[in-house]
Amino acid sequence: MERMAEKTIYQIYLRSFYDSNGDGFGDIPGITAKLDYFEKLGVDMLWLNPFYPSPQHDNGYDISDYTGVDPRFGTMTDFEELVHEAKKRSIGIMIDLVLNHTSTDHIWFQKALAGDSKYRDFYYFKKGRGKNCLPPTNWTSKFGGPAWERLPNSDEYYMHLYDVTQADLNWENPEVREALYQVVRFWIDKGVEGFRLDVLNVISKPDTLQDDFIGDGRRFYTDGPHIHEYLKELNTKTFGPEHLLTVGEMSSTSIASSIRYSNPAEKELSMVFHFHHLKVDYKDGEKWRLDQVRFGELKELFHTWQVEMTRGNGWDALFWNNHDQPRALGRFTSDKEEYHYAAATLLASTIHLMRGTPYLYMGEEIGMINPRFSTIESYSDIETINHYKLLQQEGLSEQETMAIIMERSRDNSRIPMQWTSGKNAGFTTGTPLYPVSDSKAWINVEAALKDKSSIFYFYQRLIELRKKHRVIQTGNYTPFLLEEDRIISYLREDETDSLLAVHYYGEEEHEITLPEVFLNGKILISNVGRDQIGKRITLKPYETLAILLTK
Ligand code: NOJ
C-alpha cells in the first residue's frame, strides 16, 4: 500500500464527463478519448465514480453486480482498454467500491428476500417492535426518513443507512467479508491501481442495536466497534503487497480514528477523506439549513487536522469538491467573473500546498461554477428530491425550499463537464442527462487551453511543484499569521527547505508583514503576477502566494 506523496488525483463523475456515443450519458470510452488532456494537466491517477451494473437510484452507489460494467458506461473491454491506455501515460485508474451496502436488486438481497438463510445473514433483517411493529431502532437514513424499511406482508425490516434501495451489508458475517474481498481481488487483477472506498467507516455496526435519543444513530456505527479489525483484514486479504493507493471515505470521523486508518504502521489504508471543513456553512450541523461560511472555523479545522495528522503520521486526502458537494467556488469565495481566476486559483493553492494528496474534481481545473437551477424539475439527485419533500412538509415555501436546494444540491457539481462553448458544452451530441450551465459561454476547456494564463495552467503548475518539491509533499506544517481574520497561512518545513504560503480570502486590499527571513526567498507561485517580496506587502483580492526558502 502506498502513500505516494508526490501524486495528484483527478475525479471523474462518469455520467457527465464525456459522452462518446451520443446517448446523453458519459461513458468509459469518453474517458479514454480524453487521456491526453489528463497527461497535459499532469495528474497521476483517475478516480472513476461507480460504473457497475446498477438501477441507478443513487447514481451507481446502488451496485447490483460488483464485477460487471453497466452497459450505459460501456463494456469490460472498454474498461480494460482504459486501464491499458492510461498506463501507457503513467496514469493509474482508481475505482470506487461501495462495500457498506448493495442495491436491493443485487442477487444476494434477492436471494435473501426469497428466504435463502445464507443470504439473509448478508444483511440486517430485524423484527419490528411492539404490537405496532415499529422499526427496530429510531435511526434515520442519511438521505432523510427512517433507516429501516419494512418488508411487504411481514413484521420484518431491513437496515438502509442511505436510500431504501441500498441495503446495509452485515460485516459481522465472515462470508460477507470474503465475498467482498473477492470483488477487490477481481479488480486488482484487472490492473486497477487505486480504490476509493465509499462510506467505509460505517461498515461496523454495534452488536446490540439501540435507539438514539440525542442523534440520528450515527454515534453507534461511525468508526464502529470492529472497524480497525475489518480494515486490517481487508488489507491483508486483498491489497497486501500490491502497490495500491487506497482512500476511505470517512463520514463524521475523528482525527484519532483517521490517524489509525492512515498511519502506515497500522496497515489499513493509504489515506482518508473527511468532511468537517465542508460543514462550516451548515446551520447547527444541518446540511439543509443555510448559514454564512464561518471562516474562523474553517481555518481552525484545516490547521488542527494538518498539525495533528502530521504528528500522528496520518495522511489526508486534500479536496474542496466532489460529486456530493456544491462547488467550493461561489461557496467559500465569490464566483463572479471579476474574481473568477483569483478565487479559483486561491482555493487550489490553499490545499495543494498542504501535506496530503490533492484531489481535483472534474471541471475544477477550469473553474466550473454552481448552476443553481431554480426549479425542482432541473434536479434528479435522490437526496435532493427527498429533502425537497421534507422541507416542504416542514412548511417552507417553494421559494424558501428552492433557495436551499440551489445552494446545497449535489446536482450542482453533477452537471456536464464544459468542454466548449458550443451545443451541450461539447459534452454530448445527444440529449444530456443533466441540464447544461449557461456559464459554458465563458468557462470551458477549449478556452482554458488556449489561454496560457488560465486556471488550468495554474493547476498544472501546482501539480508540477508538488512533484518537484519534497517540502510540499511531506514537510512539517505550522499554522502562521493566525491573528489575520481572512487569511489561511502556514509554513511547511523539512531539513532543506521552508515554504511560506499565504492565502487571502478577502475582497479588499490588505496589508501584511512577512517574516524578515523570507525576503531572501523566491516566489514559487502567485495568482496576481507578484514578482517582488517586501517586508510589508499589500494583498490583492483573493491573492495566493507561496515563497520558498532554501536553507
Ligand atoms: C457517498 C457517495 O459519495 C455518495 O454519492 C453516495 O450517495 C453515498 N456514499 C451512498 O453510497
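Reader: So what's the lining of the largest pocket like by class?
Author: Keeping in mind that this is a predicted model, the lining has 17 charged, 12 polar and 10 nonpolar residues.

Reader: And which residues lie nearest the centre of the largest pocket?
Author: Those are Lys142, Arg218, Lys287, Trp288 and Glu383, out of 39 lining residues. The elements giving two or more residues to that lining are β13 (286-290) and α12 (382-393).

Reader: Which domains does the lining of the largest pocket draw on?
Author: Domain 1 (2-101 + 174-460) and domain 2 (107-168) each supply at least three residues.

Reader: What volume does the largest pocket have?
Author: About 970 Å³. For the second largest pocket the value is about 290 Å³.

Reader: OK, what lines the second largest pocket?
Author: There are 13 lining residues, and Asp281, Asp291, Gln292, Val293 and Arg331 are the closest to its centre. By class, that lining has 6 charged, 5 nonpolar and 2 polar residues.

Reader: Switching topic: why is strand β22 largely enclosed?
Author: Strand β22 (residues 544-550) is largely enclosed by the rest of the structure because 6 of its 7 residues are buried.

Reader: Which way do β18 and β22 run, and how many bridges join them?
Author: They run antiparallel, with 7 bridges between β22 and β18 (residues 497-504). Strand β20 (residues 522-526) is also antiparallel to β22, joined by 4 bridges.

Reader: Which residue in β22 is the bridge partner of Val502?
Author: Leu545. Ser526 has Leu545 as its bridge partner in β22 too.

Technical notes:
Residues are numbered from 1 along each chain as its sequence is written. This is a predicted model: local features need pLDDT of at least 70, side-chain atom pairs count only at pLDDT 80 or more; totals for chains, interfaces and linings use all residues. Side-chain values use heavy atoms; hydrogens and water are left out. On a 1 Å grid over the protein atoms alone, a cavity is a set of points where a 1.4 Å probe fits but cannot get out, and a pocket is an open set with protein on both sides within 12 Å along at least five of seven lines; lining residues have an atom within 4 Å of a point. Grid points are joined across faces, edges and corners, and a volume is the space filled by probe spheres set on the points. Ala, Val, Leu, Ile, Met, Phe, Trp, Tyr, Cys and Pro count as nonpolar, Asp, Glu, Lys and Arg as charged, and the others, Gly among them, as polar. Domain bounds come from an automatic or database domain assignment. Buried means under 20% relative accessible area, exposed over 50%, partly exposed in between (1.4 Å probe, protein chains only). Two strands pair if DSSP finds at least two bridges between them.
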